[in-house]
Amino acid sequence: MVPAMVDILVVDDDPGHARLIERNLRRSCVCNEIRVFHSGMDVLDYLFNNTGPQTNPLLLLLDLNMPGMSGQQVLARIKGEERTRHVPVIVLTTTDAEPEMEKCYELGCNFYLTKPMQYDDFVETLRKLGLFLSVVAVPRGAVP
Amino acid sequence: MDARTQAADDPLSSVRRRLWLPDARAAVLFTLAVYAVAPWPIHIGRQFQPEVSIWFPNALLAAVLMRRPLPEWFAWCGLAGIGTFVSNLTHGVGSPLSAVFLLPNSAEALTAAVLLRRYYPGGITFDRIGTPLALIFIAGIAAPAVSAAIGAGLLYTVRGIPWTHAAPVWFAGSAVGQLSLLPVALIASWSEWRRLVAVPARAAEFLLWTAFALGTTLLMCRVPTLFVLIGLPLLLAALRLPLFQSLVVNLLNTVLLGWLIGAGQFPLGWLNVGNEPLLGYLPVMFTIIPAFVLGAVQSVRDCERQALALSDARWKFALEGAEDGVWDWDIPEGSVFFSKQWKAMIGYAEDELADVYESWAGHVHPDDRPRGLEALRAHFEHRAPAYTFEHRLRCKDGGYKWILARGKVIEWNADGSPRRMIGTHTDVTREHEAEAERRHLYERMTLAIKAGGIGVFEWNLHDHTMLCDERMGQMYGLRAEDDPADPKTWARYIHPDDNARVKELLRLALRGQVSFDATYRIVAADGSLRHLKILGNVIRDSDGRAVRVVGCNWDISDRMLAEESLRRANERLRHSNEEVAQANQEVRNFAYIVSHDLRAPLVNIRGFAGELRYTFDDIRDALAQPDAQACPQLSQRLSRLIEGDINEALDFIDSSVGRMGGLIEAILRLSRLGQQQMQEERIDLGALTSAILKSLHYDIEVAQGVVSLPTMPVVLADRNAMEQILGNLLSNAVKYRVSGRPLRISVFAVATEGEGLTIEVCDNGRGMAADDIPRAFDLFRRVGVQDTVGEGMGLAYVQTLVRRYDGRIACESTLGEGTVFRVSLPRVRPLPA
């Protein structure tokens, strides 16, 4: 079980994808707060300009190919800021090109997952991700 | 085969041909002449026949033997005998004794021959100075003496004539006989005669002395007391004239004397000899005495000549060493020493040319002769310090050689006339040919300059003047008022934009930093723009200062135009290349978009189709609830719809999305294969092929397949590419087999350093129609009957990889029989196994 206090932020420009991710995670019994953002700007805005009370640590599921601000830019920004660099970021994208992957790790991403083309595999991946998220410990510093 | 080699075969033959004929002719002519003109020997002969009458053949015999003491001797001996006989018969005094007289005459001739050979072991020619003298000495004294002794003995024993009487008689006969040798020798000496008449002044002097000598003799007929002076004119003539000429004077004098005696005009009575036979001895005396004197003079001269020759030997040798011919001209004598090299230069052997002036003069080209004589005259008259004359000299083979003659008079006579001149001959034929070649080259160059429209200029940097040819003026379109000698005139025409550049280049060229080579534009006088090329050579003085610029200038406007259009064509080509590259990039981007952006919606379609299934599962569960059974018809209908139509629709969506995903995957792979970095490594193609066949093992077994795999090479290549190429070709061969027919596949590969790697995969599968072969390489294209699984991308992958290697793939196929794929990869290099 993912500790209840961790909020999961899903960043994906494709609302369908975001929804599928959310549903599949839920199906693997992830019951944390899941927030969906459809652009990099939105999530950064949330992270840095959040005016509301924010106490729970965060975990980011980040897509790379997004219009406007790309996932890598978002990643760089998050890992470049002292406030947010402890926030775990899992890149979840369709791109399986080696250079892309390397670049993301260089920028500080914690995991890199590929969305498999076959839907069953995709579901399986998300199920495993759910299981993984249920055991992962997130530092308290992951609070922006 | 020239004359010299022929002479080498038989050293005598050429000499014989050259000398024998004049000798024989001379002898015959002389004999006839004497018979015709001399009444005096007949007069003598009347008193002493037949003894004296043998002197003619005797003379002939001796003359010939002197020259040819060889087998001819016998022939001439016989002829002499016949001559004697005829002579006697002619005068009606035939005598058997004539034959007997042959013996002493032959002995005389033999003696002469033996003596001659002793003194002249190498043979003797009449051309040589001193030879007539030798004949007189040897044949005239020694031989007649022997002959007289034998003849007198014979007369004494056969006719009973007293010894004391017989000796002078015979001696007289022999003496007259030998006297006749003199004219024979003289006649044989053609070159001496030629020389006698060649110089008019000399001929005049000769005639003067002849007249003096003969006049004195004639005078003696009237004033006998002058008899003691008879030798005086002859001696004077001998001292004054060349040897040969003085001998001729002697001869003529003796002939006159003999004729006078024979004609009874000579007053012999007062001599009181009392015995006529002695009269015959008289003219001989007059000949032999001066001959002795001459001999003495000659021997002194010979000694001098020898001493001179020794001192000359060194410089002659030095000059000969330099391949120059040497000549040494005794001008009054007319004799010239020509060195071996001198003669060899024009193709003659040493003994083939007489050492006389005419040997040279006769070979000079007629056109050059007047110049030569003028050059000699100029030097003789002290107008020229030395004699230099370049002329053509005829060679033995009839061709001409250019000879540079140089010489100088080294001895002058007291009267200021030249006495001795020495000089050299240098063969300058090659220089003349080179000169002709140079002239020829110049003509060609002129022609080339003219044909090429090249203008030539010479710029004098001292006085800043230009020397330009006509073409320069035409090119710049010079106006009438322009001064072509002023360099500024030309500079004015240079295009303002190019002016500074050309000036800078010229400045650097004058400083020796660059060669003056520039292309610039001019605005010609008619306003037209022309492109010119200039090429200049800076000429420097010994201090390295530039003194002149010589160069040429030509119009390259046409070329520039052509270059410009070429440049534009290149530009267009580059542009379209860029477009192609851009298009390629776009295609790659497209592949990327296809793989990524098209994937996303597919995930959604598939994902939500899955979600729908979950939803329908929930609906199905709901329908199974007891409260749903309230309306069993509706719930049954819904269940049917869910199980039937909806399920079917979702299945179609799934399979279509699956297929679409596969296609996108394939395109992505293709685009990656086209971009992947090749990593060359050592690959054992045999092992690689075996591994691939192993993965196909199941299918091959099913098809009862046999794969023939001979030894494969080891190469340096990218493993992935090789795997893909071989794998696709082999799996195609297995995939497109004819069911029911045992599969036969043969793989063949060869790698060479030059040709690279060639792989052939041959199967007995279903094959392809000729029209289908090109389509087999298309994306997603599968030809023929579609009964196997696959995306139809295999050959497209292979082709992409082969292209990466700059290689080629070819396919030969016959429908129903089989297919051969041949891949050639020229860049793949073989490695030792």
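Modeller: Let's begin with a strand pair: β11(B) and β13(B), residues 714-718, run antiparallel and share 5 bridges. Strands here are DSSP E runs of at least two residues, helices are H or I runs of at least four, and both are numbered from the N terminus. Two strands pair if DSSP finds at least two bridges between them.

Biologist: Before we go on, what sort of model is this, and how are things numbered?

Modeller: This is a predicted model, where local features need pLDDT of at least 70 and side-chain atom pairs count only at pLDDT 80 or more, while totals for chains, interfaces and linings use all residues. Residues are numbered from 1 along each chain as its sequence is written, chains are lettered from A and ligands numbered from 1 in the order in which they are written, and side-chain values use heavy atoms, with hydrogens and water left out.

Biologist: Ok, back to the strands. Which residue is the bridge partner of Arg682(B) in β13(B)?

Modeller: That's Leu716(B).

Biologist: And what is the strand order of the sheet?

Modeller: β11-β13-β18 in chain B, an open sheet of 3 strands with antiparallel pairing. At the edges are β11(B), residues 680-684, and β18(B), residues 829-831, each pairing on one side only. On average, neighbouring strands of the sheet are turned by 45 degrees against each other, ignoring direction.

Biologist: Which strands does helix α26 of chain B lie across?

Modeller: α26(B), residues 685-695, lies across β11 and β13 of chain B, at about 70 degrees to β11(B). Helix α28(B), residues 719-735, packs on the sheet too, touching β11 and β13 of chain B, and its direction makes about 105 degrees with that of β13(B). The axes are lines fitted to C-alpha atoms, for helices over the stretch in contact, with angles from 0 to 180 degrees between N-to-C directions.

Biologist: Zooming out, how many helices and strands does chain B have?

Modeller: 30 helices and 18 strands. Chain B has 833 residues, of which 44% count as buried. Buried means under 20% relative accessible area, exposed means over 50%, and partly exposed is in between, using a 1.4 Å probe and protein chains only.

Biologist: What about the contacts within chain B?

Modeller: Taking contacts with a separation of 6 or more, residues 24 or more positions apart account for 61% of them in chain B. Contact means heavy atoms within 4.5 Å.

Biologist: New topic: how many residues of chain B are in contact with chain A?

Modeller: 17 residues of chain B, against 17 residues of chain A. Together the two chains bury about 1600 Å², with 54% of that on carbon and sulfur atoms. Buried area is the accessible area, with a 1.4 Å probe, that two parts lose on being put together, summed over both.

Biologist: How many salt bridges are there between chain B and chain A?

Modeller: The count is 2. A salt bridge is a side-chain nitrogen of Lys or Arg within 4 Å of a carboxyl oxygen of Asp or Glu. One links Glu611(B) and Arg23(A), at 2.6 Å from N to O. Glu611(B) sits in helix α24(B), residues 599-624, and Arg23(A) in helix α1(A), residues 15-27.

Biologist: Is Glu611(B) buried or exposed?

Modeller: Glu611(B) counts as buried, at 2% relative accessibility. Arg23(A) counts as partly exposed, at 29%.

Biologist: Asp328(B), then: which residue stands opposite in β2(B)?

Modeller: Phe337(B). β1(B), residues 325-330, and β2(B), residues 335-338, pair antiparallel over 4 bridges. Their hairpin has 4 residues between the strands, and Gly334(B) takes a positive phi near 80 degrees there.
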